Amino acid sequence: MVKSDDKILALLEEKITLVLVTIQLSAMKSILIAILVFLSISFVNQPEDPCKSGKTYIDIEEAINDSASVKVLDLAMQEPKLKTLPADVLKLTHVECLDLSFNQIANLPTEMMNLKQLKTLNLAGNRYLQKLPDVVKELPALQTLILTDLPEWSKEKCDAAKAALPGVNVITD
C-alpha cells in the first residue's frame with residue numbers, strides 16, 4: 001500500500017508542477033503582451049523627426065531647382081560662413097527642417113515668416129547671434145529651435161528664448 005501511495009504522491013507532485021509551470025508561462029505571456037502593447041503605443045505616438053525624413057539638400061542651387069520637394073535643407077558650416085540667410089532659401093516654402101548651424105548669422109530676415117511649414121530650426125554655433133531673432137516667434141509650425149554652442153549666451157538669455165516660445169522645444173546647452 002505504501003508503494004502505491006508513493007506513486008500517487010509522485011503523480012500528484014508531477015501534475016502540480018505541470019500546473020505551476022503552466023500558470024507561470026501564462027503569467028509571462030500576459031506580461032510580454034502588456035510590454036508589446038506598451039511599446040507599440042509608444043512608437044505609434046512618436047512624431048516623425050522632419051530632419052530625418054526624405055532627402056537632405058546641402059546645395060542651395062540644387063534645392064532651388066527642386067524647390068517643391070525640399071523638406072530638409074542643411075546649410076551648416078558653409079565656406080565661406082553665411083552672414084545672412086540666402087534670399088533663395090525664402091523660396092523654399094515646403095522646407096520643414098533648416099540647419100544654419102555654425103555660420104556667422106547675426107539676425108534673420110522678417111520674410112522668413114513665409115516658411116510656414118518650418119518645424120525645426122538649428123541656429124547652434126552662430127556666435128554672432130546676440131538675441132533670439134524676432135521672426136522666430138512668427139514661425140507658425142516651429143516645434144524645435146536649437147540654440148546650443150552659444151557660450152556668449154547667459155542662462156538668463158537662454159531662459160528668455162524659451163519663455164518667448166512657449167509651445168516650442170528650445171534646446172540650449
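Here are a few friendly notes on the model shown above, covering its sheet, its salt bridges and a nonpolar patch.

1. Ground rules. This is a predicted model, in which local features need pLDDT of at least 70, side-chain atom pairs count only at pLDDT 80 or more, and totals for chains, interfaces and linings use all residues. Residues are numbered from 1 along each chain as its sequence is written, and side-chain values use heavy atoms, with hydrogens and water left out.

2. The sheet. Six strands form an open sheet in the order S1-S2-S3-S4-S5-S6, with parallel pairing. Strand S1 (56-57) and strand S6 (169-172) are the edges, each pairing on one side only. Strands here are DSSP runs (E, at least two residues), helices are runs of H or I with at least four, and both are numbered from the N terminus; two strands pair if DSSP finds at least two bridges between them.

3. A closer look at S3 and S4. Strand S3 (residues 97-99) runs parallel to strand S4 (residues 120-122), and three bridges join them. Leu 98 has Leu 121 as its bridge partner in S4.

4. Salt bridges overall. The whole structure holds nine salt bridges, each defined as a side-chain nitrogen of Lys or Arg within 4 Å of a carboxyl oxygen of Asp or Glu. Lys 71, Glu 96 and Lys 119 are linked in a network of them.

5. Two pairs to inspect. Lys 55 and Glu 62 form a salt bridge whose closest N and O atoms are 2.5 Å apart. Lys 55 is partly exposed at 45% relative accessible area, and Glu 62 is partly exposed at 34%. The cut-offs are under 20% for buried, over 50% for exposed, and partly exposed in between (1.4 Å probe, protein chains only). Lys 81 and Glu 79 also meet in a salt bridge, at 3.7 Å from N to O; Lys 81 is partly exposed at 30%, while Glu 79 is exposed at 66%.

6. A pair within a helix. Lys 155 and Asp 159 form a salt bridge, with 2.8 Å between the closest N and O atoms. They are separated by about one helical turn because they sit four residues apart in helix H3 (residues 155-164).

7. The nonpolar patch. Leu 9, Leu 12 and Ile 16 make a nonpolar surface patch of about 290 Å². Patch residues have over 30% relative accessible area and no salt bridge, with nonpolar side chains (Val, Leu, Ile, Met, Phe, Trp, Tyr) joined within 5 Å and like charges within 9 Å; areas come from the Shrake-Rupley method with a 1.4 Å probe, and for residues only the protein chains shown count as cover. Ile 16 lies in helix H1 (residues 2-44) and is partly exposed at 46% relative accessibility.
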